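Good morning, and thank you for coming. Please look at the structure first.

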Amino acid sequence: MSGVGAINGYGVLAIYRFEMARTLRTLWQSVATPVITTSLYFVVFGSAIGSRMQSVDGVDYGAFIVPGLIMLSLLTQSISNASIGIYFPKFTGTVYELLSAPVSQWEIIVGYVGAAATKSIVLGLIILATATLFVPIKILHPGWMIAFLVLTSVTFSLFGFIIGIWANGFEQLSVVPMLVVTPLTFLGGAFYSIDMLPPFWRTVSLFNPVVYLVSGFRWSFYGAGDVGVGVSIGFTALFLLLCLAALTWIFRTGYRLKS
């Protein structure tokens with residue numbers, strides 16, 4: 001593996017293109033699934049619950065749940081795309097060729113994480129476009145919306161990359177997304193405001209990290225969130241730095257890469 005020096009753009013691009021090509025082979029599944037899922041959420045939540053709860057914080061309930069829907073897909077897809085991307089080279093044994101190639105650890109990370117984040121961002125935008133077919137959506141801070149979209153996708157793609165290295169089987173790839181991330185997202189204010197909860201449960205919710213992600217993203221749409229936007233950005237940036245620190249240790253020690 002090459003050391004610190006000029007960036008091997010060809011190496012990064014080769015990894016990125018390979019991962020994006022893998023996505024194109026499953027394009028129908030990658031695009032159709034979130035579109036159908038989003039439509040079902042609007043049928044169930046928008047119609048069934050929205051008919052009884054007209055608005056939240058002055059926002060029509062159907063529009064209110066859009067940032068939560070996007071964030072739910074963003075977190076799960078980012079983790080899934082990145083974890084599968086690095087797990088298959090481990091599973092097939094080609095990871096050793098990757099580690100011996102003239103690319104640095106950061107070039108490997110940029111290639112895989114960049115591709116995973118790109119897929120997640122595209123899916124997030126597709127879900128947003130699908131949502132506009134059901135409810136009128138107004139984005140007050142489009143620049144911040146894109147910033148949150150990119151920052152969250154990159155951060156959780158890094159997290160997924162770590163999971164892919166850690167996993168010793170296909171079952172472990174789905175453990176964290178299914179048993180941890182998805183429940184935390186549902187309990188993180190994706191479909192309601194935590195201000196609607198009793199004081200005790202609102203305090204408990206503040207220990208859920210997903211609350212800060214959903215709140216910041218919703219603020220970029222409607223100018224209001226459950227917590228301050230600065231806190232949301234700070235938490236996401238902190239988690240990103242922790243993921244980078246973990247990956248630095250993994251490549252330095254060869255944890256589950258060289259054994």
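The largest cavity is lined by Asp-57, Val-59, Phe-64, Arg-218, Tyr-222, Ala-224, Gly-225 and Asp-226. Please note that this is a predicted model, in which local features need pLDDT of at least 70, side-chain atom pairs count only at pLDDT 80 or more, and totals for chains, interfaces and linings use all residues. Residues are numbered from 1 along each chain as its sequence is written, and side-chain values use heavy atoms, with hydrogens and water left out.

On a 1 Å grid over the protein atoms alone, a cavity is a set of points where a 1.4 Å probe fits but cannot get out; a pocket is an open set with protein on both sides within 12 Å along at least five of seven lines; and lining residues have an atom within 4 Å of a point. The count comes to 2 cavities of 30 Å³ or more.

The largest cavity has a volume of about 60 Å³, where volume is the space filled by probe spheres set on the grid points, joined across faces, edges and corners. Its lining divides into 4 nonpolar, 1 polar and 3 charged residues. Here Ala, Val, Leu, Ile, Met, Phe, Trp, Tyr, Cys and Pro count as nonpolar, Asp, Glu, Lys and Arg as charged, and the others, Gly among them, as polar.

What classes of residue line the second largest cavity? The lining of this cavity has 9 nonpolar, no polar and no charged residues, including Ile-86, Phe-161 and Leu-257.

The largest pocket has a volume of about 570 Å³. Of the 22 residues that line this pocket, the closest to its centre are Gln-29, Thr-33, Pro-34, Gln-77 and Leu-123. Helix H4 (66-92) is one of the elements that supply at least two lining residues, and H4 gives the largest share, 8 residues. Helices are DSSP runs (H or I, at least four residues), numbered from the N terminus. By class, the lining of the largest pocket has 7 nonpolar, 13 polar and 2 charged residues.

The second largest pocket has a volume of about 270 Å³. The largest share of its lining, 7 residues, comes from H1.

Finally, the surface. Leu-179, in helix H8 (residues 170-186), is exposed (over 50% relative accessible area, 1.4 Å probe, protein chains only), at 63%.

Definitions and conventions. Buried < 20%, exposed > 50% of the residue type's maximum accessible area, 1.4 Å probe, protein only.
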